[in-house]
Amino acid sequence: MAAKATLHCLTGCAIGEILGMVIGTALAWHNAPTMVLAIALAFVFGYSFTLYSVRKAGLGWKAAIKVALVADTVSIAVMEAVDNGIIALVPGAMDAHLSEGLFWYALLGGFAVAFVVTTPVNKWMIGRGKGHAVVHALH
């Protein structure tokens with residue numbers, strides 16, 4: 001269940017982050033505002049996947065938003081910290097363009113490491129009835 005929850009968050013994070021990088025690059029923004037946009041969109045897309053599933057299960061908007069915030073905030077935050085930390089540490093990755101392999105290798109490598117680091121966090125939370133345990137109780 002923890003790996004599935006982490007993959008769920010990773011999917012939203014990846015969509016948001018890549019979209020943020022594409023938008024920031026297309027608008028010729030510097031690194032900092034592009035990363036802020038990418039991280040914000042990672043949270044938006046991560047939360048939206050949970051919102052969709054719990055709304056489909058019958059929760060109202062207020063309850064669904066609360067569940068998404070409780071279920072995903074820690075997972076997405078850890079994932080984003082690890083992923084963006086990896087990207088920042090890879091020499092040249094912050095200045096690489098979308099058309100360069102270095103950008104994609106750093107990003108995908110960051111996602112892979114973030115998955116490995118975040119899965120035990122989700123397992124710990126699920127074991128205590130928190131995080132995605134709350135979402136799965138609604139299915």
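Where is leucine 27 found? Leucine 27 is in the loop between helix H1 (2–26) and H2, with helices being DSSP runs of H or I, at least four residues, numbered from the N terminus.

Quick housekeeping: this is a predicted model, where local features need pLDDT of at least 70 and side-chain atom pairs count only at pLDDT 80 or more, while totals for chains, interfaces and linings use all residues. Residues are numbered from 1 along each chain as its sequence is written, and side-chain values use heavy atoms, leaving out hydrogens and water.

Back to leucine 27, then. Its relative accessible area is 49%, so we call it partly exposed (buried is under 20%, exposed over 50%, partly exposed in between, with a 1.4 Å probe and protein chains only).

Okay, rings. We've got two aromatic pairs (Phe, Tyr or six-membered Trp ring centres within 6.5 Å; planes under 30 degrees apart are stacked, over 60 edge-to-face, the rest tilted). Phenylalanine 43 and tyrosine 47 have ring centres 5.9 Å apart and planes at 50°, so that pair is tilted. Both sit in helix H2 (residues 31–56), four residues apart, about one turn of the helix. Tyrosine 47 is buried at 16%.

Then there's phenylalanine 103 with tryptophan 104: edge-to-face, 4.8 Å centre to centre, 90° between the planes. Phenylalanine 103 is buried at 8% relative accessibility, whereas tryptophan 104, at 29%, is partly exposed.

Definitions and conventions: Helices (H or I, at least four residues) and strands (E, at least two) are DSSP runs, numbered from the N terminus.
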